[in-house]
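Here is a short report on one protein chain. Please keep the sequence and the model open while you read.

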Amino acid sequence: KQHDVVGIIARNSDNLLAVVIACLTLGLPINALATIVHETDIIYMYSKTQPKVIFCDGDLLETVKGAVNNMKLENCEIITLMEQVKGFKSVDELIAHGNADNFK
């Protein structure tokens, strides 16, 4: 929804561009962090902005998942950008559906 924050912790990629353009089109604020962050950094930043969804590279999933669990962000969905990880949505799945409703 409008005013929901989108977290991004990812390296540059085509998938990242699609996510950023979708967020800008929908007027959603983006809280991007560098891929070198530690779990404590994620907790510090995202406890303030409370993102509803976090897009991250698959190799950062465990760190992001740990931070989300520690912050108890129960309504925060984690979506991977570059790799598909069992049990998590990937941005490729969202793009493959070709439906703008997936970005609500």
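**Strands β1 and β2**

This is a predicted model. Strands β1 and β2 pair in the parallel sense, over four bridges. The chain crosses from β1 through α1 to β2, and this β-α-β crossover is right-handed. Ile9 has Leu33 as its bridge partner in β2. The covered face of β2 holds Asn31 and Leu33. Its uncovered face holds Ile30 and Ala32.

**Two buried side chains**

Asn31 sits in strand β2, residues 30-33. Asn31 is buried, because its relative accessible area of 10% falls under 20%. The side chain of Asn31 makes a polar contact with the side chain of Thr49, at 3.0 Å. Beyond neighbours within four places in sequence, Asn31 is in contact with several residues, among them Val5, Val6, Met45 and Tyr46.

Leu16 belongs to helix α1, residues 14-26. Leu16 is buried too, with a relative accessible area of 12%. Residues up to four places away aside, Leu16 touches Ile8, Ala10, Arg11 and Leu81. The C-alpha atoms of Leu16 and Met82 are separated by 8.7 Å, though these residues are 66 apart along the chain.

**Helix α3**

Helix α3 spans residues 61-71, and its buried residues are Leu61, Val64, Gly66, Ala67, Val68 and Met71. What covers them includes β1, α2, β3 and β4.

**Salt bridges**

The count comes to four salt bridges. The table gives some of them.

| Pair | N to O distance |
|---|---|
| Arg11 and Asp57 | 2.7 Å |
| Arg11 and Asp59 | 3.0 Å |
| Glu77 and Lys89 | 3.4 Å |

Take the Arg11 and Asp57 salt bridge. Arg11 lies in the loop between β1 and α1 and Asp57 in the loop between β3 and α3, so this pair ties together parts 46 residues apart in sequence. Arg11 is partly exposed, at 38% relative accessible area. Asp57 is buried, at 2%. Asp59 also lies in the loop between β3 and α3, so its pairing with Arg11 ties together parts 48 residues apart in sequence.

Glu77 and Lys89 also meet in a salt bridge. This pair links distant parts of the chain: Glu77 is in strand β4, Lys89 in strand β5, 12 residues apart. Glu77 counts as partly exposed, at 34% relative accessibility. Lys89 is partly exposed as well, at 39%. Salt bridges that share partners join Arg11, Asp57 and Asp59 into one network.

Conventions:
Residues are numbered from 1 along each chain as its sequence is written. This is a predicted model: local features need pLDDT of at least 70, side-chain atom pairs count only at pLDDT 80 or more; totals for chains, interfaces and linings use all residues. Side-chain values use heavy atoms; hydrogens and water are left out. Buried means under 20% relative accessible area, exposed over 50%, partly exposed in between (1.4 Å probe, protein chains only). Contact means heavy atoms within 4.5 Å. A polar contact is a pair of N or O atoms within 3.5 Å; within protein, one must be able to donate a hydrogen and the other to accept it, and residues adjacent in sequence count only if both atoms are side-chain atoms. Two strands pair if DSSP finds at least two bridges between them. A crossover is right-handed if, with the strands pointing away from the viewer, the path from the first strand over the helix to the second runs clockwise. A salt bridge is a side-chain nitrogen of Lys or Arg within 4 Å of a carboxyl oxygen of Asp or Glu.
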